[in-house]
Every structure is written in C-alpha cells, then in structure tokens.
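Thanks for coming. Please have a look at the model first.

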Amino acid sequence: MWQIEELQRYIETNSNDALFNSKTVFLSNPKQIEEIEDIIVDQIWPGVTKALHNVPITTKIGTGQSPREGIHEKRHEYTTRELVFLLEDPKRPYGPSSNVPWYCRGKIECSLMSYMISLDFMVHFPERISFQKILNLLKEPKMQGCPPELSYNEASGDKSIFSVSFTKGSGAGWGLKTYDEAGEHVFKEVKKNMNVIEAVYDLEKDFENMSKFNSLHRALLEAYEAY
C-alpha cells in the first residue's frame, strides 16, 4: 500500500527531528500528486496566462519558478496540491520600499475531487484621501458576505497609507465542472482583478476624482461581491 511506503519514507527522513513524536503526519498519494499537478499546469494555469495576454502585468511564483516547480502540498484529508502566485507589474515590482498602489495574490488548490481559485487584493490609498470614500467601500452591502478589511500604515512625510483588503474564493467539484470550464472560470476571475488593477492605476492619477473612484468601486464589486 502506498500509505505504508510513504509513512516509512517520512520516518526515515524526519526521525532525527526533536519534535518527531508529537507531529501529525499528512501523507499524499504519489500517483495522485502527478495527476493533480498535470491538471493544474495543463488545464487550470492556462486560464491565468490567457487573462494576462497582451497586458503589462505578469505572474511571479516564488523565486521565479515555473508553475510546476511552484506547486506544493496542501495539508488535507485527501491528496491536495496548491500553487500560489502574485500578479506583478514588472516596471513597479512590489516590495517594502515600493509605492505600488495595489497588491494581488492568487492561489489555486486542486485535488482529484475538486478545485478552487482564491484571490486576495489590497488597495493602498494615500492618507490625504477623503475617508468617506474608503468608508463607502467598507460599507458596501454586496460585499458583506466576506467584508473588506481596513489597515493603516504610518510612515514619514506623506507616505502614510490606508490599505483596504478584499478576498474571495470559488470553485467546484469535478462532477460539476470540466477541466475546460475550470480553466475558463480561473480566466474570468483573474480578468476581473486585471480590471481592478486598471481602475487603481487610473485613480492614482487623481485620487480626488470621484468618477475614477466610482469606477474602482464598480470593478472591486464585480471581482469581490459576496452576499
């Protein structure tokens, strides 16, 4: 049985760990791992690349790995793999000293039973912006199923910012969706976030512009609506 072989391999690899006797062990079926990773790379990930076709935004996976190299174990009661990626503007890479007005992280989880795409988006607003605009996002009734969160980052000069975070996850069992439908679903979700990025960059030109802020509000609602 593969479970016994995998448990023996785990024991041999981790027997010198001081906390070995108190650990919970999660075992993954090696044959299923390969099959699941093929689904992610060949069926689901193309939805991401399709959404980014002919746009300046790229993906970042770990330290520049390929999608397959970035896949790792998701601890679950059955064999599950996950791939975490960032959307990134190569001209304005995200980092501690950057001034990028947005941050977006995606996660694909997949097993032989189901899949899920999760996206987290953070918009950074300068402290000078009208707080009522931020409050309008926080009070949005169509997001109250998974409401946005507010944080404040204080910095010297005029670099203090308000950050509003949004999150959403959706997926289905393989009996409800085909691989092609899953890829199309992922494409649509990433594309919605591309629309948010475009709206953020437009607002960045004039944070006081109400029309631009309303466009961002609509794009966020389209991407993160949750009753």
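In strand β7, Ile161 is the bridge partner of Asn153. Ile161 in β7 is also the bridge partner of Pro126.

Some ground rules. This is a predicted model, where local features need pLDDT of at least 70 and side-chain atom pairs count only at pLDDT 80 or more, while totals for chains, interfaces and linings use all residues. Residues are numbered from 1 along each chain as its sequence is written, and side-chain values use heavy atoms, with hydrogens and water left out.

Now the pairing. Strands here are DSSP runs of E, at least two residues long, numbered from the N terminus, and two strands pair if DSSP finds at least two bridges between them. β5, residues 114-126, pairs with β7, residues 161-173, in the antiparallel sense over 13 bridges. β6, residues 149-153, is also antiparallel to β7, over 5 bridges.

Further along β7 is Ser170. Which residues does Ser170 contact, leaving aside neighbours within four places in sequence? They are Met116, Ile117, His185 and Glu189, contact meaning heavy atoms within 4.5 Å.

Last, the largest pocket, with about 560 Å³ of space. Among its 20 lining residues, those closest to the centre are Ser98, Asn99, Val100, Lys159 and Ile161. On a 1 Å grid over the protein atoms alone, a pocket is an open set of points where a 1.4 Å probe fits, with protein on both sides within 12 Å along at least five of seven lines; lining residues have an atom within 4 Å of a point. β5 gives the largest share of that lining, 3 residues.

Note on methods:
Helices (H or I, at least four residues) and strands (E, at least two) are DSSP runs, numbered from the N terminus. Grid points are joined across faces, edges and corners, and a volume is the space filled by probe spheres set on the points.
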